[in-house]
Amino acid sequence: MDASRYFDAMHNAMSTQHIGAQLLLTVRLQDTCGNDAYLEVKQLPGEQSALVCYSTMGRRCLNFQLFRKGWQLCHNADGQLTGRFPSSADSLLSQTDFRAYCREDRLDAARTQRLVEELGQRAGTNYVGVIPQNARTGAQITVESHLGCGARWSYWNQDASPCLPLAAILYWLADFLAGNERRALQSDPQAAALAAQWLAKDTAVFFCPSPALTAVCHSTPAARRSRPAPVPAARSKSWQSVLAAMAAV
């Protein structure tokens with residue numbers, strides 16, 4: 001399966017799961033070994049948070065599954081050849097449920113708002129970097145914004161990011177991926193630092209009480225004053241890498 005067909009199949013599978021959702025961002029990650037990954041960020045009507053849908057199987061592994069299915073079609077249970085191997089992948093693709101290779105998670109309201117604001121400021125921006133002809137390592141990253149008049153960035157992950165805020169957003173989204181795909185999107189230390197600054201600013205209200213709340217607490221008699229419940233520290237999977245970056249800065 002070629003890369004464009006793989007990405008189209010994953011997009012169609014994700015689109016059928018949330019009809020009516022607004023597509024905010026798509027991320028395509030394509031490396032030289034066929035370990036392609038696809039990710040979409042979309043928002044349902046009336047919701048402040050966003051859905052993060054992503055593929056759980058790269059193109060190389062999916063190609064192996066298609067070959068295995070074709071082998072089973074022309075062999076019996078004893079391994080004896082009983083037919084011809086399919087001459088094209090179209091029949092195999094039509095029988096494949098790509099929704100089985102898609103997962104989804106939630107991006108909280110604070111980070112969703114930051115994502116929308118940053119993409120809105122950069123609407124109409126297009127960037128096409130130089131892709132190495134004989135690259136043996138690295139991956140091509142293609143990001144498309146679907147807000148306003150849209151925007152598109154395409155670059156090699158080992159080069160400097162054409163947009164630091166975009167790299168910080170990808171640093172958040174990479175928490176939902178694993179392996180080489182996650183490392184490819186989280187390799188920029190400047191993006192990690194910016195993502196940590198955003199997160200610290202958005203969650204400051206949880207760790208620093210407002211002056212108005214402090215004044216009310218001081219004006220309340222000691223007999224009536226109650227100790228507020230401690231706020232648990234964030235330990236969700238999607239914040240682990242950002243918190244680690246904050247500790248290192």
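Start with D175, which forms a salt bridge with R182, the closest N and O atoms being 3.2 Å apart. By salt bridge I mean a side-chain nitrogen of Lys or Arg within 4 Å of a carboxyl oxygen of Asp or Glu. D175 counts as buried, at 1% relative accessibility, whereas R182 is partly exposed, with a relative accessible area of 23%. For these words, buried is under 20% relative accessible area, exposed is over 50%, and partly exposed is in between, with a 1.4 Å probe and protein chains only.

Before going on, the source. This is a predicted model, in which local features need pLDDT of at least 70 and side-chain atom pairs count only at pLDDT 80 or more, while totals for chains, interfaces and linings use all residues. Residues are numbered from 1 along each chain as its sequence is written, and side-chain values use heavy atoms, with hydrogens and water left out.

Back to the charges. The count comes to seven salt bridges. Another of the bridges is between E144 and R152, with the closest N and O atoms 3.9 Å apart. Here E144 is partly exposed, at a relative accessible area of 23%, and R152 is partly exposed at 35%. K42 bridges to E40 with closest N and O atoms 3.3 Å apart, and both K42 and E40 are buried.

Now the overall fold. The protein has 10 helices and seven strands; these are DSSP runs numbered from the N terminus, with helices being H or I of at least four residues and strands being E of at least two. Of its 249 residues, 40% count as buried. Among contacts between residues at least 6 apart in sequence, 67% join residues at least 24 apart.

Next, the aromatics. The structure holds four aromatic pairs. The rings of W172 and W198 have their centres 5.6 Å apart and their planes at 55 degrees, so this pair is tilted. The pair links distant parts of the chain, with W172 in helix 5 and W198 in helix 7, residues 189-202, the two being 26 residues apart. The rule takes rings of Phe, Tyr and Trp, using the six-membered ring of Trp, and pairs them if their centres lie within 6.5 Å; planes under 30 degrees apart are stacked, over 60 edge-to-face, and the rest tilted. Elsewhere, Y6, F7 and Y38 form one aromatic cluster.

What lies over the face of W172? That is R111, at 5.7 Å from the ring centre. The criterion is NZ of Lys or CZ of Arg within 6 Å of the ring centre and within 35 degrees of the ring normal.

W198 is buried, with a relative accessible area of 6%. Not counting residues up to four places away in sequence, W198 touches R114, E118, P165, A168, I169 and W172. W198 and A110 are 88 residues apart in sequence, yet 9.5 Å apart in space, C-alpha to C-alpha.

Helix 5 itself is mostly covered, with nine of its 10 residues buried. Those buried residues include P165, A168, I169 and W172, which are also among the residues that W198 touches.

N157 lies in the loop between strand 7 (151-156) and helix 5 (164-173). Is N157 buried or exposed? At 13% relative accessibility, N157 counts as buried. Its side chain reaches the backbone nitrogen of A139 at 2.7 Å. Leaving aside neighbours within four places in sequence, N157 is in contact with G138, A139, I141, A184 and S187.

Last, the cysteines. A disulfide here is a pair of cysteine sulfur atoms within 2.5 Å, and the count comes to zero disulfides. C53 is buried, with a relative accessible area of 0%, whereas C149 is exposed, at 63%.

That is what I have; questions are welcome.

Note on methods. A polar contact is a pair of N or O atoms within 3.5 Å; within protein, one must be able to donate a hydrogen and the other to accept it, and residues adjacent in sequence count only if both atoms are side-chain atoms. Contact means heavy atoms within 4.5 Å.
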